[in-house]
Amino acid sequence: METVEAAEAAGGSGGPGGLICASFSQDTTSLAVGTKNGYRLFSVTSVDRLDRVHESKNPDVYIVERLFSSSLVVVVSLSMPRRMNVYHFKKGTEICNYSYSNNILAVRLNRQRLIVCLEESIYIHNIKDMKLLKTLLNTPINPTGLCALSINHSHSYLAYPGSSAIGEIIVYDANNLSTVTKILAHDSPLAAITFSSSGTKLSSASERGTVIRVFSVPEGLKLFEFRRGMKRYVSISSLSFSTDAQFLCASSNTETVHIFKLEQHSHSRDEESPTWSAYVGKVFSAASNYLPAQVSDMMNQDRAFATVRLNVFGQKNVCALSTIQKLPRLLVASADGHLYIYNVDPQDGGECVLVKKHRLFSSDEDEEEASESEVTAAPVSQSYAATVAMPTTVPSSSAVTGYSEDGGVKKGEVIPEHEFAASPVCLDDENEFPPVSIPNN
């Protein structure tokens, strides 16, 4: 699941066309977007069609996350940035809501856990009944709410920054509620992290944005190292593995999206085909033993397998690799209000070809035209829109003393004021929920 969530969204800024946030579902079959006028859920299972699954007029939504293809959706709006609402959008009902001691910066979901990230704390909920299981207090300052949750429910690994000064990653087991490992991934603070669908690989990038690394989980061993570029530092906003974890894409504030291929280079293959490039590679490999570590690391880094040149520059975007209609595709949801779909050549890579551009929202004047031409709309639940529009009471600012790290009660520790479901959460699409099996990568 990849998202574009601006930390500044909590302060009221959105994309130039009104786009505030965008996120792909955990299996990349749907896309959720939040705007100044509401939010929309789309099905992303066809290249030519972008079916609108649901729409709400709840304004200024800066976090909207859907659980796979189920009816469960989590919403946070700028008007109440400390309050998380969980809805069953097909029934038009609210499952529960929680209020926190500070602004919510990110929400992550899998079929076991719901994670809420604040600037200096993380809350772990059981998604079956939405009860709070654990509060990680006094985490390193995390102003962007950077975190990642494995979609493999049997692992439920959670990753978040272990330092605000260097690129340290803490991997936490959200099922067993214990720390798994710490990874020193980069010298600079982290900018992006993501898990593979199996939860056995973790990718990261730092604020410099030049090097992307992949580590094994839970061991924390470095498996791959890719160089995005050397000429300039960039802000990497999105990392995403393909479902089979054979490819990794990265997007930034530049016009280029990079796709890297995760493959181990075979020395025997080089010996069988004594090409010039193989010879040079051997020379570099031998020379690296006598060079400074930084120079040696740079020589051993792989470059992009495939690239995409976007038509927009400097826009926030979120990318994902998916298989649509049996072919590999790169999806890019951009702050310019469009979803771009590219073909990816899994054998030769190279420059990816744009095959479709969908408009995600439009102004009031051409809303009807857009609905007919670029988006095929599914029936919209009016009852849900009415439910969300209902006035709510502003959360009390008073702190509630509650669960501590060990599950007991300690003075001064804060948990959310909450109103959770009286019984286990039941969705009407049981084929999507509870858990489905995820292939091991």
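Q: In which order do the four strands of the open sheet stand, and how do they pair?
A: In this predicted model, the open sheet runs S14-S15-S16-S17. Its pairing is antiparallel.

Q: Why is one side of strand S14 and of strand S17 left without a neighbour in the sheet?
A: Look at the partners. Strand S14 (148-149) and strand S17 (178-186) are the edges. Each has a single partner strand, so one side stays without a neighbour in the sheet.

Q: How many bridges join S16 to S17?
A: Two strands count as paired once DSSP finds at least two bridges between them. Strand S16 (residues 167-173) and S17 are joined by seven, and they run antiparallel.

Q: Which residues touch the most other members of the largest nonpolar core?
A: The general idea comes first. In soluble globular proteins, nonpolar side chains tend to be buried together. Here, the largest nonpolar core has 27 residues. Leu72, Met84, Val86, Ile104, Leu114 and Met130 touch the most other members. Strands S6 (61-66), S7 (72-77), S8 (80-88), S9 (93-99), S10 (106-109) and S11 (113-117) each give two or more residues to this core. Apart from it lies another core, of 19 residues, including Leu19 and Ala320.

Q: What is Ile104 in contact with, leaving aside neighbours within four places in sequence?
A: Among its contacts are Tyr62, Ile63, Val76, Met84 and Val116. Arg82 and Arg83 are also in contact with Ile104.

Q: How many helices and strands does the chain have, and what share of its residues is buried?
A: The chain has five helices and 34 strands. Of its 441 residues, 54% count as buried.

Key: Residues numbered from 1 in each chain as written. Predicted model: local features only at pLDDT ≥ 70, side-chain atom pairs only at ≥ 80, totals over all residues. Heavy atoms only, no water. Core = buried A, V, L, I, M, F, W, Y, C linked by side-chain atoms within 4.5 Å. Buried < 20%, exposed > 50% of the residue type's maximum accessible area, 1.4 Å probe, protein only. Contact = heavy atoms within 4.5 Å.
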